[in-house]
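We will go from whole chains down to single residues, one stop at a time.

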Amino acid sequence: MTKKTILIVGATSDIANATAHQFAKAGYNIVLAARDTADLETNKSDIAVRYETEVTTQQLDILDTKQIEGFAKGLSPLPDIVVCAVGFMGDQVTNELELSSASTVMRTNFEGPSLLLSAFANLFEERGHGTLVGISSVAGNRGRATNYVYGSAKAGFTAFLSGLRNRLASKNVHVLTVLPGFVATRMTEGLDLPEKLTAQPEEVAQAIWRATERKRNVIFVRPIWRLIMLIICAIPEPIFKKLKI
Amino acid sequence: MKLSGWGGFPSHETRLVAPRSITQLVDAVHDGNAIARGNGRAYGDSAIGSNTTINMRHFNHMIAFNAQTGVLETEAGVLLSDIIDAFLPRGWFPYVTPGTKYVSVGGIIAADVHGKNHHKDGSLRNFVDWLEVMGPSGEIVRCSPTQNEELFGWTVGGMGLTGIIVRAAIRLRPVESGWIKQRTIVAENIDAAIDIFEDNSDASYSVAWIDCLSTADKAGRSVIMLGEHASMNDLDDKTRRRPHALATKGKLSVPFHFPSWVLNQFSVRAFNSVYFRNLKWQIGEQLLSWDKYFYPLDAINGWNKIYGRKGFMQFQCTLPLASSREALHEILGKISSTGSGSFLSVLKRFGAQEGGISFPMEGYTLALDFPVSKKTIELMSQLDEITLKYGGRFYLAKDSRMSAATLDSSDNRSKHFATWRAENGLNTTFQSVQSQRLGL
């Protein structure tokens, strides 16, 4: 039996790396893609040595949108699973003051990831199977003053994934939306996050693994986040707009 | 922040950083008075920087493995448990392992750890092919038994005081299975225990659990556990189905610090009696998984918390072969006369040893745990004296309270080490709370 292959885009992130370990352990060959492949070398050899599996790296800049379709078509073999772990929070105040920064955040969290999964969606539909995993964010469930630029881009990505799932449900292509909540990663290092609400990257990776096996649609990594977002979304707008949240 | 070792005593203020790249690591080293910290399993203050403590957990990548020679090249933050997970299913096991698998490669090299096979194979030093150490300038230097020998000699066992161990190549042992054939023998007192060790010097592994509250002609009664790696032919139908054995499941956890009165003279005596009787039932041969044989305490998460918030200390000395018998009698006599029983006491025969400042010497090593109190600190100082009288020395990875004078009289190598550090400009860059206390 030939081994299955998973492509992880945005592979330098902690969540992406943990996901690569999880799937390598389960016997997958791993393809890691990032803007700078030199950053992937230590993770590449680490995974290859630990799990005796094939790990390759690919260069892809998701903001260079013209590159995306050719990248997807050029992969051999076409992966069984594609995980998009690309994300960039930026700084909210900078995003408010400089439109170019806001644009980068919007494009990195919405345009790039959506186009990437679009390209693979078409190839998977043609092949008749495949799994697309988008790592979005609870920040996209309701816009808040403290991070609405990032949040709105994630909202767009979540909506995109939902539509993609709807389109491909009858085509044997599975689309998974991951809403991790707080995760202890390089991106959140130095922030004072509440321990009970904060997942480790390995937890996110395990949740993704289980959800792909069970063909789940939308997952919150820690179940408490489902409740938190339910409450946040239920607050009436006249009250919500006055909250410091 | 306040930081302590596995014993929870002492704790010290330090700046804790966790660099993710070599560049960030260089910056941390340049702050000065820094020490590397692996998984924090040294008992005392070995891995607390007097200014900066460098957590090495992000340097946790394996680099390469040679399936012909069993040599693993790895970054120093990788844990022994990761290595076992990755390589036991392929028929490899660490050559030398301490009593827990939750230790980093950098940490076990810095402590030059010994295992239950020291009498045959020596310490970890013998299985380290090379090391890469970051010095005060931030430059990384490779050293081995044949290249930069002096740096290699002091680094293995040097408690992180020669620089930051960044990468290493260690040799693994080929094994047919993950099972250990254990043979258990009871010794009615310390003399009998020593005789059994001497009679079984050809066993691959040997260690004794010792009851240090028993007295008179029962003083030092022990249960000696010998072990051999099981070959496929040694396995029965049940174990052959999973030849590499699984890690212990259904782990217990100690959820909070026990009140300090839980461990007292009576509960320790009761525990030791029950433990002794239980082990006596196991006399003879049996197959144990690697996890149960090598790492029984790892089955209880956070077992250090049973000693309460004040924490605990470990006393571990090694005694020269010629005076071991007499010294052990005196040490056990002292402990039972004060009634401060050690919850877990371990006796082991050491073989010959080399190295700059490594702990073992040919003879016997005794390890004892004591909850922190005025009385036990006093007792440990008395045990220091007895050890010195018989020419023994102390394990820095366990130490949390010894004086500089005690170290000096126990080991004339420590002065050479301190001088060498000063000559090479290492003493102001790399400094732990322990090295400060001990004048290293």
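The tour below starts with chain A and then moves to chain B.

**Before you click**

This is a predicted model, in which local features need pLDDT of at least 70, side-chain atom pairs count only at pLDDT 80 or more, and totals for chains, interfaces and linings use all residues. Residues are numbered from 1 along each chain as its sequence is written, chains are lettered from A and ligands numbered from 1 in the order in which they are written, and side-chain values use heavy atoms, with hydrogens and water left out.

**Stop 1: all of chain A**

Switch to the C-alpha trace, and the chain spans about 60 × 40 × 35 Å along its principal axes. Its radius of gyration is 18 Å, which agrees with the value near 18 Å for a compact globule of 245 residues. That radius is taken over C-alpha atoms, and the globule rule is 2.2 Å times the number of residues to the power 0.38.

Now try a surface view. Chain A exposes about 12,000 Å², and carbon and sulfur atoms supply 54% of that area. Accessible areas come from the Shrake-Rupley method with a 1.4 Å probe, and for residues only the protein chains shown count as cover. Of the 245 residues, 48% count as buried; buried means under 20% relative accessible area, exposed over 50%, and partly exposed in between (1.4 Å probe, protein chains only).

How do the contacts run along the sequence? Among contacts (heavy atoms within 4.5 Å) between residues at least 6 apart in sequence, 69% join residues at least 24 apart.

**Stop 2**

Select Thr5(A), which sits in strand 1 (residues 5-9) of chain A. Is Thr5(A) buried or exposed? It is buried, with a relative accessible area of 7%. Leaving out residues up to four places away in sequence, Thr5(A) touches Tyr28(A), Asn29(A), Val31(A), Pro77(A), Pro79(A), Asp80(A) and Ile81(A).

From that list, pick Pro77(A), in the loop between helix 3 (66-74) and strand 4 (81-84). The peptide bond joining Ser76(A) and Pro77(A) is cis, with omega about 0°.

**Stop 3: residues 223-240 of chain A**

UniProt, in an unreviewed entry, places a "transmembrane region" here, at residues 223-240 of chain A. UniProt positions are given in the numbering used here, feature names are shortened, and annotations may be inferred rather than shown by experiment. In the model, residues 223-240 are 83% helix and 0% strand, and the end C-alpha atoms are 23 Å apart.

**Stop 4: chain B**

Select residues 9-175 of chain B, which an unreviewed UniProt entry annotates as "domain: FAD-binding PCMH-type". This stretch is 20% helix and 29% strand, with its end C-alpha atoms 38 Å apart.

Zoom in on Pro10(B), in the loop between strand 1 (2-4) and strand 2 (11-13) of chain B. The peptide bond from Phe9(B) to Pro10(B) is cis, and omega is near -10°.

Finish with two backbone angles:

- Asn148(B) lies in the loop between strand 10 (140-143) and helix 5 (149-155). Its phi is near 45°, a positive value in a residue other than glycine, and at 37% relative accessibility it counts as partly exposed.
- Met159(B) lies in the loop between helix 5 and strand 11 (164-174). Its phi is also positive, about 55°, but Met159(B) is buried at 10% relative accessible area.

Notes: Helices (H or I, at least four residues) and strands (E, at least two) are DSSP runs, numbered from the N terminus.
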